[in-house]
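Here is a friendly note to read with the model open beside you. Take the points one at a time, and find each residue on screen before moving on.

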Amino acid sequence: SSTTVSVGASSTLTVTINNGAGVALTGVSLTDHLPSGMAIDSTPAASTTCSNGVVTANPGTGTLAISGATVPASGSCTFHASVRSLTAGSYVNNIGAGALSSNEGLTNPGAVNATLLVRSTPTINKAFSPVSIAAGGTSTLTISLGNSNASAITLSSALVDALPGNVTVAGTPAIGGTCPAG
């Protein structure tokens, strides 16, 4: 599965442990090594639904772990923490086969992964041309929106720019633009 967030935004990473065995698994431990560029958030909000489980999620580190957990027979439980990345990109988080250990000697037979897509935030700039005019003069205000992501983004609310002081829109404004309508 995949989730999309903006650079620097927090996302919850949830690991689900499924137990298909007819007996509870005890002393369950698992360490998830996050991909390079992804780290536990400064406010991890780590928790678990696994009985007796202790979650370790230290801010700024690249690991999320659980230890001492009990997973019910034919059941499941989860542990999670908030993660983030300060660099745009696609981050594939892998947990390899055999990463889980238990007192019963059972482990996870296959690998699993999830993808976090981190998008750059859009940019906005504005400039008057000319920058200085006489009272009653005219200047053109250009507002530029930028998107460095590989895919298009859509403005999801009105873009409102409050003009400074005694500046007003010209009686016959020269409205234009290059943004596609949507």
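1. A starting definition: two strands count as paired if DSSP finds at least two bridges between them. Please keep in mind that the model you are looking at is predicted. With that in hand, look for an open sheet of three strands in the order E3-E7-E6, where the pairing is antiparallel. Its edge strands are E3, residues 25-33, and E6, and each of these pairs on one side only. From one strand to the next, the twist averages 10 degrees.

2. Now zoom in on one pairing within that sheet. Strand E7 covers residues 63-71, and six bridges join E7 to E3 in the antiparallel sense. Which residue in E7 is the bridge partner of His33? The partner is Thr63. As background, strands of a sheet pair through backbone hydrogen bonds, either parallel or antiparallel.

3. Another open sheet of three strands has the order E1-E10-E9, and here the pairing is mixed. The edges are strand E1 (2-6) and strand E9 (89-95), each pairing on one side only. The twist in this sheet averages 20 degrees from one strand to the next. E1 pairs with strand E10 (residues 112-119) in the parallel sense, over five bridges. To find the pairing on screen, look for Thr4, which stands opposite Leu117 in E10.

4. E2 runs antiparallel to E8, and eight bridges join the two. Thr14, for instance, has His80 in E8 as its bridge partner.

5. How many salt bridges does the structure hold? There are two. In one of them, the side chains of Arg84 and Asp41 meet, with an N to O distance of 2.4 Å. This pair links distant parts of the chain, 43 residues apart: Arg84 belongs to strand E8 (residues 76-84), while Asp41 sits in the loop between strand E4 (39-40) and strand E5 (47-48). The cut-off for buried is under 20% relative accessible area, so Asp41 counts as buried at 5%. Arg84, with 28%, is partly exposed.

6. Asp161 and Lys126 also form a salt bridge, and their closest N and O atoms are 2.7 Å apart. Why does the pair tie together parts that are 35 residues apart in sequence? Because Asp161 lies in the segment after E12, whereas Lys126 lies in strand E11 (residues 123-129). Asp161 is partly exposed at 30% relative accessibility, and Lys126 is partly exposed too, with a relative accessible area of 48%.

7. Next, visit Ser85, in the loop between E8 and E9. Is Ser85 buried or exposed? Ser85 is buried, with a relative accessible area of 2%. Its side chain reaches the backbone oxygen of Gly37 at 2.9 Å.

8. Some backbone details deserve a second look. Most residues other than glycine have a negative phi, and most peptide bonds are trans. Ala45, in the loop between E4 and E5, has a positive phi near 50 degrees. Ala45 is exposed, at 51% relative accessibility. Asn52 also has a positive phi, near 65 degrees, and its place is in the loop between E5 and strand E6 (54-56). Asn52 is exposed as well, with a relative accessible area of 61%. As for the peptide bonds, the one from Ser129 to Pro130 is cis, with omega near -5 degrees. Pro130 lies in the loop between E11 and E12.

9. Finally, turn to the surface. Ile124, Ile143, Leu145, Leu155 and Leu159 form a nonpolar patch there, and together they have about 450 Å² of accessible area. One of these residues, Leu159, is in the segment after strand E12 (140-146). At 41% relative accessibility, Leu159 counts as partly exposed.

Key:
Residues are numbered from 1 along each chain as its sequence is written. This is a predicted model: local features need pLDDT of at least 70, side-chain atom pairs count only at pLDDT 80 or more; totals for chains, interfaces and linings use all residues. Side-chain values use heavy atoms; hydrogens and water are left out. Helices (H or I, at least four residues) and strands (E, at least two) are DSSP runs, numbered from the N terminus. Axes are lines fitted to C-alpha atoms, for helices over the stretch in contact, and angles run from 0 to 180 degrees between N-to-C directions. Patches are made of residues with over 30% relative accessible area and no salt bridge: like charges are joined within 9 Å, nonpolar side chains (Val, Leu, Ile, Met, Phe, Trp, Tyr) within 5 Å. Accessible areas come from the Shrake-Rupley method with a 1.4 Å probe; for residues, only the protein chains shown count as cover. A salt bridge is a side-chain nitrogen of Lys or Arg within 4 Å of a carboxyl oxygen of Asp or Glu. Buried means under 20% relative accessible area, exposed over 50%, partly exposed in between (1.4 Å probe, protein chains only). A polar contact is a pair of N or O atoms within 3.5 Å; within protein, one must be able to donate a hydrogen and the other to accept it, and residues adjacent in sequence count only if both atoms are side-chain atoms.
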